[in-house]
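Open the model in your viewer and keep the sequence panel beside it. This tour goes stop by stop, saying what to select and what is there.

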Amino acid sequence: MYRDYLLGELNLDNVGQEVTLSGWVDSIRDHGGLIFVDLRDYSGKTQIVIHPEKESLARKLKPEFVIQIKGEVRKRSKESINPNIPTGEIEVELADVVVLNESLPLPFEIDDDSVGEVLKYKYRYLSLRNQSNYRRMKMRSNMMKVVKDFFHRNNFLEIDTPILTKSTPEGARDFLVPSRMNEGKFYALPQSPQLFKQLLMIGGIDRYFQVCKCFRDEDLRADRQPEFLQIDAEMSFVSQRDVMNFSEELIKSILKNLINYEIGEVPVITYEDAMSRYGSDKPDISFGMLIKDISDIADDCGFKVFSDTVRGGGKVRGIVLNEDVSRKDIDMLTQEVAKFGAKGLAWIKMTAEGPSSVITKFFTQKELSNIVSRFDATVGDTLFFVADDEKVVCESLGHLRLKLADMYNLRNNEFNLLWVINFPMFEKVGNRYKAVHHPFTASTNGVSQAYDLVMNGSEIGGGSIRIHNIEEQLKVFDTLGISREEAEKQFPHLLNALRFGAPPHGGIAFGFSRILSMITEDESIRDVMPFPKTQRGVCLTTDAPSSVSTEDLTELGIRKIGKNNDKG
């Protein structure tokens with residue numbers, strides 16, 4: 001038996017007991033006669049006291065050695081009590097110690113939360129010994145249980161779908177896997193189980209879910225990984241509102257069970273309103289500062305930047321900040337909006353004498369009064385304006401709004417959720433159309449039946465009612481430039497299934513790690529993943545991806561082509 005108790009369990013009730021404990025040496029303190037060793041496992045720490053007659057045993061111990069000790073539980077003296085740990089009222093007097101395994105000197109301290117990314121993820125197995133990282137992994141495990149329990153309570157079947165599947169044009173690039181037994185052909189790792197879960201609905205499963213791995217070969221950011229965990233669900237005979245109601249209950253269950261946080265009614269906003277009011281299709285409503293349109297005021301004003309924009313079909317919109325912004329910061333903010341195509345950032349400061357700016361001379365008093373009234377601006381406020389086409393105005397003011405929230409700490413400390421609905425079905429990219437969500441989304445009067453759930457400015461989940469009629473599906477493919485012949489080649493499994501009595505159905509998918517990182521208040525989803533990859537898609541722990549031998553490639557029918565090699 002390696003241990004009688006975990007190292008965070010002992011208390012005054014154990015005083016006088018002879019115990020066996022195991023763990024890692026966390027620290028060693030020599031007090032000139034007495035030596036103290038903190039022994040650590042995932043549950044906590046226990047202080048081991050070593051008297052002079054046992055000093056020889058202590059001398060063979062070093063930090064991160066794995067040891068087993070035997071000793072008697074003692075009550076600490078009043079002055080040595082540590083109120084910060086559960087075992088702070090006791091200590092164990094060492095009788096014997098066995099070194100189970102030694103350790104090399106560590107590349108960083110276990111408790112160092114500031115260690116750089118390269119070291120942290122190269123030695124991920126060491127950083128996981130950190131109690132804060134252990135708590136993240138425990139929270140991850142708890143969230144998995146909450147999610148699965150919720151679906152099982154609601155009569156969903158947990159069904160796993162294939163990992164090796166067919167490559168289809170769904171959006172991001174596929175990760176491809178060569179087939180040795182089918183030379184020249186490839187599997188794709190799934191970007192999502194989208195088509196399989198639709199096939200399950202056609203198969204009469206009615207309610208399906210899984211927490212599944214998905215793969216996308218795309219550029220990475222703090223909230224993206226090439227492989228990620230997705231909470232995936234699909235239901236038959238449901239409306240858009242049915243799926244949204246059910247999804248709200250899932251998120252409420254997660255927040256309640258993990259951190260005892262309760263949310264009320266989740267507001268709903270259309271895509272058009274989200275863009276015009278917040279400049280984003282994933283609005284952060286943890287603070288105010290809504291974007292407002294003054295195109296009607298500006299169309300006949302003397303400031304030609306504004307009036308010419310409106311007459312040319314553009315928009316003039318702005319936001320008000322309840323702060324007096326310095327000229328230095330205004331110059332910096334002008335550079336920020338320029339990243340999104342804005343040609344400038346106009347501003348007005350509200351002073352005791354009235355609106356003040358280099359542009360106010362171009363407006364009549366009535367026009368200035370109307371602008372001030374529209375923003376409910378008062379003395380000390382600063383107004384910002386962008387005049388350009390719709391896209392530039394939305395994106396630049398949306399970014400400016402978030403930048404100001406960061407600068408002036410405007411966000412509340414709550415979980416602010418809302419639904420965004422009524423997305424357009426398609427967007428034009430060059431001379432072609434692409435689906436805003438995916439090509440299997442149903443529409444009503446040209447508006448998609450898609451819905452995104454947003455938390456504090458991050459999309460945590462998205463779904464839609466699916467197309468269950470084959471002719472409607474073929475029309476969507478045609479709009480996307482996919483001919484019927486090509487559609488039958490790319491999606492034969494879906495199109496054939498739609499011919500055999502497909503029920504109305506819809507579903508949703510949530511980013512597991514994205515939700516968890518927001519709950520734990522971590523900046524990156526990498527912090528809540530056991531073995532994440534870098535922004536270049538590299539696993540620092542295993543050094544993947546790695547080279548493969550020429551022999552292995554030959555067996556797969558693959559030949560490496562370098563930049564200077566003959567590509568024939």
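Two strands pair if DSSP finds at least two bridges between them. Strands (E, at least two residues) and helices (H or I, at least four) are DSSP runs, numbered from the N terminus. This is a predicted model, in which local features need pLDDT of at least 70 and side-chain atom pairs count only at pLDDT 80 or more, while totals for chains, interfaces and linings use all residues. Residues are numbered from 1 along each chain as its sequence is written, and side-chain values use heavy atoms, with hydrogens and water left out.

**Stop 1: the barrel**

Select S1 to S5. Five strands make a closed barrel in the order S1-S2-S3-S5-S4, with mixed pairing. On average, neighbouring strands of this sheet are turned by 55° against each other, direction ignored. Six bridges join S1 and S2 in the antiparallel sense. Find isoleucine 28: valine 37 in S2 stands opposite.

**Stop 2: ahead of S1**

Go to tyrosine 2, in the segment before strand S1 (18-30). Is tyrosine 2 buried or exposed? Tyrosine 2 is exposed, at a relative accessible area of 58%. The cut-offs: buried is under 20% relative accessible area, exposed over 50%, partly exposed in between (1.4 Å probe, protein chains only). With Tyr2, they make a nonpolar surface patch of about 290 Å². Patches take residues with over 30% relative accessible area and no salt bridge, joining like charges within 9 Å and nonpolar side chains (Val, Leu, Ile, Met, Phe, Trp, Tyr) within 5 Å. Areas come from the Shrake-Rupley method with a 1.4 Å probe; for residues, only the protein chains shown count as cover.

**Stop 3: an enclosed helix**

Select helix H5 (residues 194-202). Seven of its nine residues are buried, so H5 is largely enclosed by the rest of the structure. Among the buried ones are Leu195, Lys197 and Met201. What do the buried residues of H5 pack against? Show strand S9 (207-215), strand S10 (227-236), helix H15 (492-498) and strand S24 (505-511): these are the partners, with contact meaning heavy atoms within 4.5 Å. Past H5 comes glycine 204, with a positive phi near 85°.

Stay with S10 and pick serine 236. Serine 236 is buried, at 6% relative accessible area. Leaving out residues up to four places away in sequence, serine 236 touches Met201, Asp206, Pro503, Pro504 and His505.

**Stop 4: salt bridges**

How many salt bridges does the structure hold? There are 37, each a side-chain nitrogen of Lys or Arg within 4 Å of a carboxyl oxygen of Asp or Glu. Start with the network that links Asp26, Arg40, Lys45, Glu64 and Arg129. Next, helix H6 (residues 240-259): glutamate 249 and lysine 252 are three residues apart there, so about one helical turn separates them. Their side chains meet at 3.8 Å, N to O. Then aspartate 406 and arginine 411, whose closest N and O atoms are 2.6 Å apart. Aspartate 406 is exposed at 53%; arginine 411 is partly exposed at 27%.

**Stop 5: a hairpin**

Finish on S18 (residues 426-429) and S19 (residues 432-435), antiparallel over four bridges. Glutamate 427 stands opposite lysine 434 in S19. Two residues lie between the strands of this hairpin, where glycine 430 takes a positive phi near 70°.

Methods. Axes are lines fitted to C-alpha atoms, for helices over the stretch in contact, and angles run from 0 to 180 degrees between N-to-C directions.
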